[in-house]
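Please look over the structure below, with its sequence alongside. This report goes through it part by part.

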Amino acid sequence: MATVNITIDSKKLQVEQGLTILEAARQANIKIPTLCFLKDINEVGACRMCLVEIKGARTLQASCVYPVSEGLEIYTQSPSVREARKVTLELILSNHDKKCLTCVRSKNCELQTLAEELNIKELRFEGETNNYPLDDFSPSIVRDQNKCILCRRCVSVCKDVQTVNVISATERGFKSAIGCAFDLSLADVPCTNCGQCISVCPVGALREKDDTDKVWKALANPELHVVVQTAPAVRVA
Ligand code: FES
């Protein structure tokens, strides 16, 4: 096995050639935050939370996609790294649905956890936000694009693992979104309802559907003819 010598946060390490900086750091129990990374499934460098400083490099680099090489000197907690991660997360949060109290993933949300870890107490960047309709037409999956952080984990697992390939990245820039072709609902594409997209979503953008959805829908729009089934009355003799 070919190895290379690197330094992470002044710790000298001999690691396998071909690893990424993130993998080498994890082997050495050095924590680097991630949001989009999912080992062997989604290694696309989309979220930029894993930025590190490399001595001699002109810009910060995403450690999840940067391969180690001989002599690399890496800093995972320098002031510029910490500031870049914080600003990046604040920008993600600026266009994120803030109804955390009623979100099914509250207290089990990677975005929420990271915001706590980076000590984000208030949002500095208030501005234009996207406002997408809820896609709750599928029999089993509810998709809320307003909570999506564009990490692409669902896209990768749907395409590369399940080979179903019904969701992908659409549009560009501020209008970037994850969805089905032609803005179709998940109910109108050949989704197999396997639920793998839900299991890899780091936030509450994808969740299982349950009967409470029918109740909320009926309450929100009394004109919808939604039948909420109740248990039949039991006749006591
Ligand atoms: Fe590296 Fe998202 S974890 S860019």
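Predicted model: local features only at pLDDT ≥ 70, side-chain atom pairs only at ≥ 80, totals over all residues.

## Strand pairing around E3

Strand E3 covers residues 51–54. Strand E4 covers residues 61–62. The two pair in the antiparallel sense, over 2 bridges. Leu51 has Ala62 of E4 as its bridge partner. E3 and E4 form a hairpin, with 6 residues between them. Gly56 sits in the turn and has a positive phi of about 95°.

E3 also pairs with strand E5, residues 73–75. The sense is again antiparallel, over 2 bridges. Here Glu53 has Tyr75 of E5 as its bridge partner.

## Cys36, a buried loop residue

Cys36 lies in the loop between helix H1 (21–27) and E3. Its relative accessibility is 2%, so Cys36 counts as buried. Leaving out residues up to four places away in sequence, Cys36 touches Asn42, Gly45, Ala46, Cys47, Cys151 and Arg153.

Cys36 and Arg48 are 12 residues apart in sequence. Their C-alpha atoms are 8.4 Å apart in space.

Ser185 is in the loop between strand E8 (177–179) and helix H5 (196–200). Is Ser185 buried or exposed? Ser185 is buried, because its relative accessible area is 10% and the cut-off is under 20%.

The side chain of Ser185 takes part in two kinds of polar contact, to a side chain and to the backbone. A polar contact of 2.8 Å joins it to the side chain of Asp135. A polar atom of the Ser185 side chain also lies 2.9 Å from the backbone nitrogen of Ala187. Setting aside residues up to four places away in sequence, Ser185 touches Asp135, Phe137, Ser138 and Cys180.

## Salt bridges

The model has 9 salt bridges. One of them joins Glu23 and Lys39, with the closest N and O atoms 2.6 Å apart. Glu23 lies in helix H1 and Lys39 in the loop between H1 and E3, so this pair ties together parts that are 16 residues apart in sequence. Glu23 is buried, with a relative accessible area of 16%. Lys39 is partly exposed, at 44% relative accessibility.

Lys39 also meets Asp40 in a salt bridge, 3.5 Å from N to O. Asp40 is exposed, with a relative accessible area of 63%. Another salt bridge links the side chains of Arg143 and Asp135, at 3.8 Å from N to O. Arg143 is buried, with a relative accessible area of 14%. Asp135 is buried too, at 7%. Shared partners join Glu23, Lys39 and Asp40 into one network.

## Nonpolar cores

In soluble globular proteins, nonpolar side chains tend to be buried together. Which residues have the most contacts inside the largest nonpolar core? They are Leu35, Leu89, Leu111 and Leu186, in a core of 33 residues. Helices H2 (79–94), H3 (110–117), H4 (153–161) and H5 each supply at least two residues of this core. Domain 1 (3–78) and domain 2 (131–231) each contribute at least three residues to it.

Leu111 shows the contacts around one of these residues. Apart from neighbours within four places in sequence, Leu111 is in contact with Leu35, Leu89, Ile92, Leu93, His96, Ile149, Pro202 and Val203. Another core, of 22 residues, lies apart from the largest one. Its residues include Leu13, Val15, Ile54 and Ile74.

## Helix H4 and its cover

Which residues of H4 are buried? They are Arg153, Cys154, Val155, Ser156, Val157 and Cys158. Arg153 is also one of the residues that Cys36 touches.

The cover over the buried residues of H4 includes helices H3 and H5. It also includes strands E7 (168–170), E8 and E9 (206–208). Thr163 follows H4 and has a positive phi, near 50°.

Technical notes: Residues numbered from 1 in each chain as written. Heavy atoms only, no water. Pairing = 2+ DSSP bridges. Helix = DSSP H or I, 4+ residues; strand = E, 2+ residues; numbered from the N terminus. Buried < 20%, exposed > 50% of the residue type's maximum accessible area, 1.4 Å probe, protein only. Contact = heavy atoms within 4.5 Å. Polar contact = N/O pair within 3.5 Å; in protein donor to acceptor, adjacent residues only side chain to side chain. Salt bridge = Lys/Arg side-chain N within 4 Å of Asp/Glu carboxyl O. Core = buried A, V, L, I, M, F, W, Y, C linked by side-chain atoms within 4.5 Å. Domains from an automatic or database assignment.
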